[in-house]
Amino acid sequence: MMNQMGSQGSVVNQKRRLVFGVLILLLVDVIWVASSELTSYIFKQEEYNKPFFSTFAKTSMFILYLLGFLVWRPWSQQCSGGFRRPHPTLFSDAEECLTPFIAENGYSNSLSESLYVPVKFQDSSLDIISTASSDCEVAQSPKKSRVRFSNIMEIRQLPSNQALEAKLSRMSYAACKDQESLLKTAGKLTVSEVAKISFFVCFVWFLANFSYQQALSDTEVAIVNILSSTSGLFTLILAAIFPSSSSDRFTLSKLLAVALSIGGVALVSVSSMESSGGKGTFGTLWSLAGAALYAVYIVMIKRKVDREGKMDIPMFFGFLGLFNLLFLWPGFLLLHYTGFEAFELPSNLVCTYILINGLIGTVLSEFLWLWGCFLTSSLIGTLSLSLTIPLSIIADMFLQKVHFSWMFFVGSVPVFLSFFTATLLCHYNNWDPVTVGLRRMFAFICRKKRFRLPEDSEQTESLIPLHTLSQED
């Protein structure tokens, strides 16, 4: 009875978490669409068309995540530990002997060859005296069996990505509780490694967001969001060209999703050119460039981080904002003297808009989206991004009084479906429903042709021996 009540309570809690997570993701969609509309309003209505300044200011606000080193204990413990990965203490003597051997022979991805090292007993003096006296007693009574342990132990070292997990799996529950901090950080990247990855992708991330901001200054929010959703298709193509795992292979289902996306993008681009004139062409190109750069950023992250829980995402964004602030400010000088974007400080009202947009539309929304993904799943979190397409269309129609052509609505449907398909194909590895369907259809057709016989064929074959017997009689 108690078990049933406990199971029912856990199911109810899980449903509450799911509902709460979905509500958070819906709130994030509304925030992102409102942020895009506010950015478009700043560029067009307030006449402060500075995409680089807007991108630099909002991305630099990610540095607020680094306050986690002051309030979040696991981060501060990593800093006090000297930015080094926690290392298991078991078999330390054997590991010291194995280190030069592994370095010399290069055994890193599989079990090393057998290596025999002497055992270093750490018995106290009393234990030595007691074992010596027991040995004397055993020697005096030859009838009793003696057990001798070898002074040499055989060691084969696991690869580095499995050694810590193997050690933790052999630990008792009490030992795991004692080393709870080690368990939480097991397999995770250290602070220095996260900082290196942030620096590695900082420039690509900034260019992707700058392209998105530049597109908002040239065309409507709905068109930008639809074209930006093609980043999932660019990710599929780049992952197939530069695979990081076996699940990145290109399949017929991915090809169909790419074809759907290309058709939809072509229709949306044509409608954008007709409605906005020549300026819509630049907005389309900037949107596609931002989608492609964001796909490059995703593939780079995948090659560095093979699973989601390996890296602290808020820490990653915090270092991203820090490096953006330290290294990308010369872009103001470059764009100013080339005439692409003249540097100009915003008014107090525009500065307030940018500050609110950065804190809520960038920093808070990323935190809420991650929280929603933890409460639901990464698949639901990614699929929730597709809701920004209809929301942005509604916002443009009612707030901006924008009238879209029938070609825009026809083209948005395949782009929406391709985004949905690309998300499912990325989540479920090695899933190829198109190939499976074609194989089943081919097998069904072949089975029909193979077993298509005349109506009385079975009766005719069974009656032949009877006729022969009757003629012989």
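**Note on helix contacts and buried polar residues**

1. In this predicted model, Phe 56, Thr 59 and Ser 60 of helix α2 are in contact with Gly 321, Asn 324 and Leu 325 of helix α15. Sorted by class, the residues of this contact are two nonpolar and four polar, with no charged residue. Helix α2 covers residues 51–60 and helix α15 covers residues 313–327; their axes come within 8 Å and cross at roughly 135 degrees.

2. Ser 60 lies in helix α2 and has a relative accessibility of 10%. Because the cut-off for a buried residue is under 20%, Ser 60 counts as buried. Apart from residues up to four places away in sequence, Ser 60 touches Gly 321, Asn 324 and Leu 325. The C-alpha atoms of Ser 60 and Gly 358 are 8.9 Å apart in space, while the two residues are separated by 298 residues in sequence.

3. Lys 58 is also part of helix α2. Is Lys 58 buried or exposed? With a relative accessible area of 6%, Lys 58 is buried, since the limit is under 20%. When its neighbours within four places in sequence are left aside, Lys 58 is in contact with Thr 39, Gln 213, Ile 354, Asn 357, Gly 358 and Thr 362. Lys 58 and Val 363 stand 305 residues apart in sequence, yet their C-alpha atoms are 8.2 Å apart in space.

4. Gln 213, one of the residues in contact with Lys 58, belongs to helix α10. The relative accessibility of Gln 213 is 6%, so this residue counts as buried. Beyond residues up to four places away in sequence, Gln 213 touches Thr 39, Phe 43, Pro 51, Ser 54, Thr 55 and Lys 58.

5. The crossing is right-handed. Which residues make the contact? From α10 they are Tyr 212, Ala 215 and Leu 216, and from α11 they are Val 221, Val 224, Asn 225 and Ser 228. Five of these residues are nonpolar, two are polar and none is charged.

6. Helix α11 is mostly covered, with eight of its eight residues buried. The buried residues of α11 are Val 221, Ala 222, Ile 223, Val 224, Asn 225, Ile 226, Leu 227 and Ser 228. Asn 225 and Ser 228 of α11 also take part in the contact with α10.

7. For the protein chain overall, the model has 22 helices and two strands. Of the 473 residues, 38% are buried. Among contacts between residues at least 6 apart in sequence, 85% join residues at least 24 apart. The accessible surface comes to about 28900 Å², and carbon and sulfur atoms account for 64% of that surface.

Note on methods
Residues are numbered from 1 along each chain as its sequence is written. This is a predicted model: local features need pLDDT of at least 70, side-chain atom pairs count only at pLDDT 80 or more; totals for chains, interfaces and linings use all residues. Side-chain values use heavy atoms; hydrogens and water are left out. Helices (H or I, at least four residues) and strands (E, at least two) are DSSP runs, numbered from the N terminus. Buried means under 20% relative accessible area, exposed over 50%, partly exposed in between (1.4 Å probe, protein chains only). Contact means heavy atoms within 4.5 Å. Accessible areas come from the Shrake-Rupley method with a 1.4 Å probe; for residues, only the protein chains shown count as cover. A crossing is left-handed if the near helix is turned anticlockwise from the far one by less than a right angle, and right-handed if clockwise. Ala, Val, Leu, Ile, Met, Phe, Trp, Tyr, Cys and Pro count as nonpolar, Asp, Glu, Lys and Arg as charged, and the others, Gly among them, as polar. Axes are lines fitted to C-alpha atoms, for helices over the stretch in contact, and angles run from 0 to 180 degrees between N-to-C directions.
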